[in-house]
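I opened this model to look up a few local features and one chain contact. My notes follow in the order in which I took them.

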Amino acid sequence: MATDLSGLTGASFREIASDDLSDDGLRALVELASLESYEGCSLVSCYRSADDPAEAVVVQVYIELGQAECLNDVREWEPVAMVTGGHRTMPSVFPIRSDFPQQLPHLNLNLRGLRRSLCLFDAPAEDIAHLYNPAMLVERVRWWMKKSAYGELHGEDQPLDPALAPSFLTLFLPPDFDRAASRSYVAFRRTEHPYSPIILCPSACAPNAGIPQYACSHILTKSTRHGSMIDLPSNLSELIEIYGELGVDLTSEIEKILPADLTDPEARTLIQQSLLLLITTPLTDAGRRAGATTTRAFLNSKLTLLDVAKSLGLVAQGGGEIARLLQKQPDFELQKSQQVLPLDVVDGFSPSLARRTSGYAEAPTPTLAAIGLGALGSQAVMNLARMGQSTCSLIDQDFIAPHNLARHAASGSWIGYSKAEVVGEEICQLFQTKLATGFHAAVGYENMPPPALEALSTAERVIDFSASVRAARWLAASTDFESPVSSYFVNPSGTALVAMHEGIGRRGRGGEIEAAYYAMLVENENLQDHLATPGQVQLGSCRNLSVTIPQARMAIFAGLAAEDIVATHESEETSIKIWSLNATGAVTVERQHIHPFDRFDLGDWKVLVSSSVRAAVETARADGAVETGGILLGSYDLSRRTLFITVALLSPTDSKTDRSYFDRGVRGVRHSIGEAERVSRRHVTYLGEWHTHPSGANSNPSNQDLDLLTWIAQRRQPFLMPGVLLICGHDGLRLVLQWKERTIEGLAATERH
Amino acid sequence: MLVDFADMADTGDDSDKRCDLTSLLSEDFEEAGVEEYRIVAFSHLDTDHCKRSSEYFWLDHAKKYQGEGRKKIRTLWVPAAAITEEGVAGDARAIRQEARHRLRKGEGIVVFSRPARLRDWLEENGLSVEDRQDCIVDAGKRVPGLTIAQDAVEAFAHSPHATRSDENGIEDRNGDSLVFQMRFREGSYDTDVLFAADVKHEVLAEIVDITKHHENDNRLHWNIYKLPHHCSYLSIGPNKGTRKTEPTEQIRWLCEDQGEKNGYVVSSSWPIPSEGSEADDDQPPHRQAANYYREDVVKREHMLVTMEHPNNSEPKPIEIEIGSKGASKKALGVPASGIAGDEVAPRAGHGY
């Protein structure tokens, strides 16, 4: 008995013998369905279209339903038609039971009056056509049916189904498109290429005259259940009917678009424009919870607003005059002849879309102040913007030079412009809205412009890409803002990215972190060449990039930096992270948490002792049976009279020790200091000595301790540094400092638990 | 878990369409990657429920039943008669001896019985009921060794049951066979499978009455009903009927009220004979019984007959999957990635 296939494609089908099928895929399907050993489906009949090359095979598919109540009326055996229009094209699959539920998710939309096919795959047909075989397709149909029976096809965590049948035309919404508001828009094409997308923008942003435009209006409907928008209209009459079923009076909505004064020349221009209708419908899920909205657009470039207004009976035209009709006189036959084409609607690029597509929908978005918009900074900031972290102030005093284009995010048209302003403008162009501001200014100088300083102090997070020691130290010492500072820079050889985080609360400051960074290089054998610049003599700041770094590598570092910034938005941890990129492209990561330093304010000097030094000294003291000691290494800032003691070398093997004295040996000391200076490029050097007092003894310096201190101070004086002695006793860690013949001491007491 | 083992096929007869059970189960066992059957239940010791089991299983009680390739049993389920009955031979005797051996040892066995029924035998073997109460499950109780919480499955014993045992000193096999309900939990859905061995309608009626008396109706609920006695009319009512067997009230309640609308009944039997055919005789399966099940109990296509599935000419095992939506029969022959992994491939080789 022939099956009713009307409404599948608009064409009519006649039954044929299976041997007469010309499509290889359908012939294979028939073979499969005819196998007695296969119970997934059974053959019913075969068809060919009378009007076009389409062929169809109807099978009964077996769905393995259990006894649990089905949410939707899917039955154990469902007849489906598999319809193909050409050789090896993936068939469309239509359920053809007359009362098969039409409002299930994942049924493809079709024109009004035509049946809906199953949306079986989450990829376009052409992307999986090479995988198609009838067994795969039938099993997929069976899976679709079973899942749909129990309402499990659409996961609760999936966005609601806004599926729209593919269209040849696309409409791009503006980034700030407000689906909840009805506004007037203009729509236009940027190029004359066929099928070029249509751009929507608010009326106030209309492009120059001469560019073809569409009269556009955005209509908001009441909500409906997702999957229930089952039909696409093919003409104006169906459009009005479909939305009428959703409670929208489109005639009235179109009437609102009509200008009030139809004699006005501008108004007449408007109504002679092609009509583009934009309609947003809020969607609810099966539990009637609001989940999403769907925006549809309909267009006919040959149909003007005036044509539509006339067929709706809103206006009449005669003798060159256009006038509103007091009583609507719709021409329903004319409406049926006025075709409309659905458009694919694409959201504009907004920060929230950027976050969603980056997988950062829930990520915090603090306002950022970024300092230094060079190679690393410009690319990292643009990465952040594309990830939805776009509200930022940008500060840099440099201009874009031709050679910068090797790695800078700017294009060639920006040569000569301020780096900060360029990057700010690029971000604004990305989202077509003012989100970023560039300040041409330098950080760390007294005459920093107030707006830049204001931006810095009001930002919720400060990112320093400047690789400027001056800027870094100014930021570390500044009390003008409370937001945490993170610094990112690339090592001199361009093989590693370094991140230094103060953490929320700024418990650790830049100076200590920098000192800990150098100590990390000294103590980690994987980082011994971190600051090396092969073939170059390098003096001064390790952040002075005078080496070649390919853009490919800088892009990797900019990506790592951007991701790390997002990951540490809410971190309170003071830390250092180093990503090292090796020749094979592998990235190894070293990280260190920086515990608070013990701080000693001793006269003009501040001495900060790292927790690792404290731990090393206390551990070496052990039970205090005998004294022990060694060399202190660390960093210094003479302009701020600050010493950072970050490494405590253990007792040389030729040292002599007893319960009442410690004579520090010399074996290996020179080599250790030399290596530390080499690895850290002299940022870590000799600062003083440490030793322990035996059990039961406090840390007060003895006379021989003070003699030692004097000896140290004499040797440090040419370096403009004080003598420093660290003594560990039962009462804690005591720092004794001698500067210009004045001895000052301070105690960091042992923590009692 | 295995319920009964009877390799009935005549391997010398090419026209015998019954499966090579030993090979099928061996392949299944290997694929499962287990070391032993966790449970093997022998519903009773008729030949068509235990044939060649002494060749397939590793039996602890005698070395001649041990060796490579034999499958071990962790726990054996048997009815009381499997312990006490005398005069059995062959495979039935082997199973009896194994059951007795395990009961003496006090491990690896659950005997479905009123405990007192086993007293005499236990005392003869120097044991008391109390010594072996952990190995005995009475009707109306959950079978030890399986819990929903840990295993997502439990079993409830219906028979052998007291009424039967008390009134009839003659140990009628079918009457003293295992009737139990397995309950599987997947997600939040429970799927019940009722196993009724070869019991007749009178026994089923007793079970129904007792169960209702104790308000344990849900213990006779089923998604799958493994039909008793190979689709015999005697498991429905006393009279075969001309076209359809009429059920007793208890059977009607059991089949029509306790079964899921879209459930399955499974008849382990020859194809249902058509009217007037040679097989349309007194031996089950009876077409009159089949008509009752197909017309009044489940949808026609949900009555599954082992020797008819998927067709009479080439029957294959029926596979039913129990999942979070209940029980569904798996479609046969679903292609698996184009690799015929579930078939024995033809020999490859140089050939010389």
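This is a predicted model: local features need pLDDT of at least 70, side-chain atom pairs count only at pLDDT 80 or more; totals for chains, interfaces and linings use all residues.

In chain A, Ala472(A), Arg473(A), Leu475(A) and Ala476(A) of α13(A) meet Gly510(A), Gly511(A) and Glu514(A) of α14(A). I sorted the residues of this contact by class and got 3 nonpolar, 2 polar and 2 charged.

Next I looked up the geometry of the pair. Helix α13 covers residues 469-477 of chain A and helix α14 covers residues 510-523; their axes come within 7 Å and cross at roughly 130°. That angle makes α13(A) oblique to α14(A), because angles over 145 degrees would be needed for roughly antiparallel.

I then went to helix α4 of chain A, residues 236-245, and asked which of its residues are buried. They are Leu236(A), Ser237(A), Leu239(A), Ile240(A) and Tyr243(A). These residues cover an arc of only 165° around the axis, so they sit on the same side of α4(A). After α4(A) comes Gly247(A), and I read its phi as positive, near 90°.

Strand β34, residues 732-739, is mostly covered, with 7 of its 8 residues buried. On one side I found β33(A), residues 723-729, running antiparallel to β34(A) and joined to it by 7 bridges. These two strands form a hairpin with 2 residues between them. Strand β35(A), residues 742-749, also pairs with β34(A) in the antiparallel sense, over 8 bridges.

I turned to chain B for an overview. I counted 11 helices and 13 strands in chain B. Of its 352 residues, 41% count as buried. Among contacts in chain B with a separation of 6 or more, 67% join residues 24 or more positions apart.

Last, I looked at where the two chains touch. The contact takes 20 residues from chain B and 15 residues from chain A. On the chain B side, the elements giving two or more residues are β10 (259-267), β12 (320-323) and β13 (326-329). The largest share of that side, 4 residues, comes from β13(B). By class, I recorded the chain B side as 7 nonpolar, 8 polar and 5 charged residues.

Methods. Residues are numbered from 1 along each chain as its sequence is written. Chains are lettered from A and ligands numbered from 1 in the order in which they are written. Axes are lines fitted to C-alpha atoms, for helices over the stretch in contact, and angles run from 0 to 180 degrees between N-to-C directions. Angles under 35 degrees count as roughly parallel, over 145 as roughly antiparallel, 65 to 115 as roughly perpendicular and the rest as oblique. Two residues are in contact if their C-beta atoms, placed from the backbone, lie within 7 Å. Ala, Val, Leu, Ile, Met, Phe, Trp, Tyr, Cys and Pro count as nonpolar, Asp, Glu, Lys and Arg as charged, and the others, Gly among them, as polar. A residue is buried if 20 or more other C-beta atoms lie within 10 Å of its own, exposed if 12 or fewer, and partly exposed in between; C-beta atoms are placed from the backbone. The arc is that of the directions from the helix axis to the C-beta atoms. Two strands pair if DSSP finds at least two bridges between them.
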